[in-house]
Every structure is written in C-alpha cells, then in structure tokens.
Amino acid sequence: MKELVLTIHIILATLWIGGMLFMVFVLSPYVRNLPNSVEVFQKVGKRFSIIGTFIGLPLLFITGIGNMHNLGVSFNDLINRSSEYASTLHDKIQLFLLTFFLAVLHDLYFGPRSHLNEKFRIMTRIIGIINLIIGVVIIYYAAKLRFGG
C-alpha cells in the first residue's frame, strides 16, 4: 500500500509540474502567434485547472498525508520540526499550501478575466510563473526528503 500511495503521489506531481512546463515551453510560444490566442489559453487553462488544480492538488495533499503517515512522521513532528526531515517536510507543506492558494487565485480570479485587459493578463502570467518556480522548489524538497531531509 505504501508503494501505491507514493506512486499516485508522484504521478500527480508529474501531472501538475508537467502541465505547467507544457504551458510555458510548448503551448505558450505556439499560441501567442495565433489571432485567437487568448481564447485558446482560456480553453486550455480551464481544462488544466479542472484536472491540475481542483483534482490534482487536493489528491496530492491527501497522498502526501498518506506518505507522511507511512513514514511515521506525525503532525506533532511537523509542528515542532523535531528533525531535519520533519523541518524540510514542514517547509514543503507550507510551499504546497501557498501554491494551492496561488493556483486557485490564478484559476478562479485572474485567468478567467485575462481576456478583459492587459493587467489581468500580466497578473495571470506572473502568478503562473511564480507557481512554477514554487513547484520546482517543492520538487527539490521532495528530492531532499528522499535522502533523509
């Protein structure tokens, strides 16, 4: 069961980070040259937010709690930062909560309004880039945890 929970967690993280990387490096350069670029971004973004933000991120949180339980780390360990491992995991969870908040802000407020004016378009882009950077830091913390903290 431990392996299954971890496998699901890794697949979800891959979907989440991979989706953001796809948007930045594959879709964005292609779509920017289209006359209906805003509409395409809206449609792809809506689809990705359903899968990535509203299904993927909550499941990442649940499987993360399962992994924490499987490794014998308690919430008390996190709060007290009782070890280097617990401290790194605490930081990872804090960044995850921040990225979840930013993803919801991006997907429910700025993204749907990005067609209205340049301010919303720029804020959508900035929040997306910040979220990608935070996601990469979270992946770094996951790798750090793999080697003991």
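Ser114 is buried, with a relative accessible area of 10%, where buried means under 20% relative accessible area, exposed over 50% and partly exposed in between, computed with a 1.4 Å probe on protein chains only. The model is predicted, and local features therefore need pLDDT of at least 70 and side-chain atom pairs count only at pLDDT 80 or more, whereas totals for chains, interfaces and linings use all residues. Residues are numbered from 1 along each chain as its sequence is written, and side-chain values use heavy atoms, with hydrogens and water left out.

Ser114 is placed in the loop that runs between helix H4 (84–113) and helix H5 (118–146); helices here are DSSP runs of H or I with at least four residues, numbered from the N terminus. Its side chain makes a polar contact of 2.8 Å with the side chain of Gln42, a polar contact being a pair of N or O atoms within 3.5 Å, of which, within protein, one must be able to donate a hydrogen and the other to accept it, and residues adjacent in sequence count only if both atoms are side-chain atoms. When residues up to four places away in sequence are not counted, Ser114 touches Gln42, Phe120, Arg121 and Thr124, contact meaning heavy atoms within 4.5 Å.

Arg121, one of the residues touched by Ser114, also forms a salt bridge with Glu118, in which the closest N and O atoms are 3.1 Å apart. A salt bridge is here a side-chain nitrogen of Lys or Arg within 4 Å of a carboxyl oxygen of Asp or Glu, and a search of the whole structure finds 3 of them. Because Arg121 and Glu118 are 3 residues apart in helix H5, about one helical turn separates them. Arg121 is partly exposed at 25% relative accessibility, and Glu118 is partly exposed at 44%.

Glu39 and Lys43 form another salt bridge, with the closest N and O atoms 3.3 Å apart; these residues lie 4 apart in helix H2 (residues 37–70), and are therefore separated by about one helical turn. Glu39 is partly exposed, with a relative accessible area of 43%, whereas Lys43 counts as exposed at 56% relative accessibility. In the pair of Asp91 and Arg81, the closest N and O atoms are 2.7 Å apart.

As for helix packing, the axes of H2 and H4 come within 11 Å and cross at roughly 160 degrees, where axes are lines fitted to C-alpha atoms over the stretch in contact and angles run from 0 to 180 degrees between N-to-C directions. H2 and H4 are therefore roughly antiparallel to each other, since angles under 35 degrees count as roughly parallel, over 145 as roughly antiparallel, 65 to 115 as roughly perpendicular and the rest as oblique. The residues that make this contact include Gln42, Ser49 and Phe54 of H2 and Leu89, Phe96 and Pro112 of H4. Helix H1 (residues 2–31) and H5 pack at an angle of about 140 degrees, with their axes 10 Å apart, which makes H1 oblique to H5. Among the residues that meet there are Trp16 and Met20 in H1 and Leu132 and Val136 in H5.

Terms used
Helices (H or I, at least four residues) and strands (E, at least two) are DSSP runs, numbered from the N terminus.
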